[in-house]
Amino acid sequence: MNVQPVQDLPEFATWLNAPPTTLAELQGRPVVLAFVNAASVWCAQRLAELAQWQSRNPGKLQLLVLQVPRFDGERDPAQSLKLLRRQGLNAPALLDAEWDGWRRFGVTAWPTLVLLDAQGRERERLVGLGGELERALTALCEGSSRPSDEDLHGARELSPEPRLALRFPTGLAVTTERLYIADTGHHRVLECSHGGRVLRQFGMGTADFMDGGQAEAAFHHPQGLALEREWLYVADTGNHALRRIHLLSGQVDTLCGTGRPGEPIEGPVADPRRTALNHPQGLAVADNQIHIAMAGDNRIWSYHLGQRSLQWRAGSGAIDARDGSGHLAAFAQPCSVAAVQQVLYVCDALGSSIRALQLRGDLVQTLVGQGLWTFGEQDGPRASALLQYPQAIALSPDAPLLWIADAGNGRLRTLRLGGGELSTLELPRRLHGPAGLALGGGAVWIAETDAHAVLRFDPVSGVLSDVPINE
């Protein structure tokens, strides 16, 4: 076993949700330093695995999360903390805004776990996903003293999120009379009037994976929604599953997904619960198919409703911004899709780009975006316009206009299709982490995710108003 002496935490890091401490003060109990980027679904998956291990082994180790920003917006402590809390994080976290800790510990990739023993010495590090996490953590804690009552209860978070009707809502869908909300942080889907009155709740509100009636079913961090006649399709992201709600009966069932991330396989889905998906996040329905933005494997998939089969449409699986045909193209955490006239528009989060996939031939082209590490908020022609970590798109039903929730910039933007320019809507204020959009009823509906709210924007009058969610 190679035991290495270790550095201490960076002195100038900003503690986000806990009082400052040092590694020297934490000696006596094993420590895991998790170097993550809060915008990454792979980091979210690693943090979820750590949380699951800690729930089975309470108090045995101390987890410290070092958030290392990829985007300029993440250098804002409030924005970084919101991104981490969207994932359910409650462990102490600090913002390594200048990458001091990253360099000090010689980290080379997100996510990286640095495992320190009770004497503060480095025992091991796990880079990326995979690896023997269970074995490594169990070995780290062997011989450690029994956790105290204080360790078992854990540290209390500073300035916790407020208790509101919604918690980090994302996906939206709308009809002439109804508004559907993926209340992601409460693990449920709501059916509301346009005025915000809750009419029905689908899911018990606890993170689980169960089919059944609206009161017995359970979701885990549901995100993207798509409506087709009497069906509401749900990207049940935390369960890595594609679910659907029959709006006439309220029944929830699973089209595919095992509850754990895995490698999707093309072909007929004989057993829905044995067919793996990997962080499905955005959905669009067209031509009897559900098109899926699969954030976890950087690909676009389609589920054929009639044939009950999966098809890998585009994306090599590599994190990249590469145009081309089908599997030769590459995406970087696609998170939202919208379909019209045999074209699937894709919101590519880490690429800060909008892509177009021709459904006949599967050719991928970039409409806006200058590369993986180029982002900003510049309007204008496509060749020079910039986005920052966009999270949702929606198509206008009566104009060749694509609406974009530009989360990293806190802006609502539009791209005129057919060669038009990228523009920013003049709103009364910046938006707080918008991650969901829907168009209908003469309005643009916005999930203002970090503010736990839904907004209604009237494009004719320019009025932006809150939708008060009343249960």
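This is a predicted model: local features need pLDDT of at least 70, side-chain atom pairs count only at pLDDT 80 or more; totals for chains, interfaces and linings use all residues.
**Entry 1: E122**

I then located E122 in strand β6, which covers residues 122-127. For its side chain I recorded a polar contact with the side chain of R125, at 2.9 Å.

**Entry 2: Salt bridges**

I next asked how many salt bridges the structure holds. The count is 35. I reminded myself that side chains of opposite charge can pair when their charged atoms come close. I followed three of these pairs and one network.

I began with E98 and R75, whose side chains form a salt bridge with an N to O distance of 3.8 Å. E98 sits in the loop between β4 (93-95) and α4 (100-104), while R75 sits in the loop between β3 (62-67) and α3 (77-86). The two residues are 23 apart in sequence, so their pairing ties together separate parts of the chain. E98 is exposed, at 52% relative accessible area, whereas R75 is partly exposed, at 37%.

I then turned to D117 and R121, which are joined by a salt bridge of 3.2 Å, N to O. Is D117 buried or exposed? D117 has a relative accessibility of 4% and therefore counts as buried. R121, its partner, is partly exposed, with a relative accessible area of 36%.

R273 counts as partly exposed at 34% relative accessibility, and D211 counts as partly exposed at 32%.

I also noted a network of salt bridges that links K82, R85, E157 and E161.

**Entry 3: Aromatic rings**

I turned to the aromatic pairs, of which there are 8. A pair of aromatic rings is described by the distance of the centres and the angle of the planes. For W99 and W102, the ring centres are 4.9 Å apart and the planes stand at 55°. Why is this pair called tilted? An angle of 55° falls between the limits of 30 and 60 degrees, so the pair is neither stacked nor edge-to-face. W99 is partly exposed, with 21% relative accessible area, while W102 is buried, with 10%.

I recorded one cluster as well: ring pairs connect F71, F375 and Y389.

**Entry 4: The second largest pocket**

Finally, I looked up the second largest pocket, which has a volume of about 890 Å³. Its lining comprises 41 residues, and those closest to its centre are V337, A338, I393, A394 and L395.

Which strands each supply at least two residues of the lining? I listed β7 (172-174), β11 (222-228), β16 (280-286), β21 (334-340), β22 (343-348), β25 (392-395) and β29 (434-440).

I closed the entry with the classes of the lining residues. I found 28 nonpolar, 12 polar and 1 charged residues in the lining of this pocket.

Conventions
Residues are numbered from 1 along each chain as its sequence is written. Side-chain values use heavy atoms; hydrogens and water are left out. On a 1 Å grid over the protein atoms alone, a cavity is a set of points where a 1.4 Å probe fits but cannot get out, and a pocket is an open set with protein on both sides within 12 Å along at least five of seven lines; lining residues have an atom within 4 Å of a point. Grid points are joined across faces, edges and corners, and a volume is the space filled by probe spheres set on the points. Helices (H or I, at least four residues) and strands (E, at least two) are DSSP runs, numbered from the N terminus. Ala, Val, Leu, Ile, Met, Phe, Trp, Tyr, Cys and Pro count as nonpolar, Asp, Glu, Lys and Arg as charged, and the others, Gly among them, as polar. A polar contact is a pair of N or O atoms within 3.5 Å; within protein, one must be able to donate a hydrogen and the other to accept it, and residues adjacent in sequence count only if both atoms are side-chain atoms. A salt bridge is a side-chain nitrogen of Lys or Arg within 4 Å of a carboxyl oxygen of Asp or Glu. Buried means under 20% relative accessible area, exposed over 50%, partly exposed in between (1.4 Å probe, protein chains only). Rings of Phe, Tyr and Trp (its six-membered ring) pair if their centres lie within 6.5 Å; planes under 30 degrees apart count as stacked, over 60 as edge-to-face and the rest as tilted.
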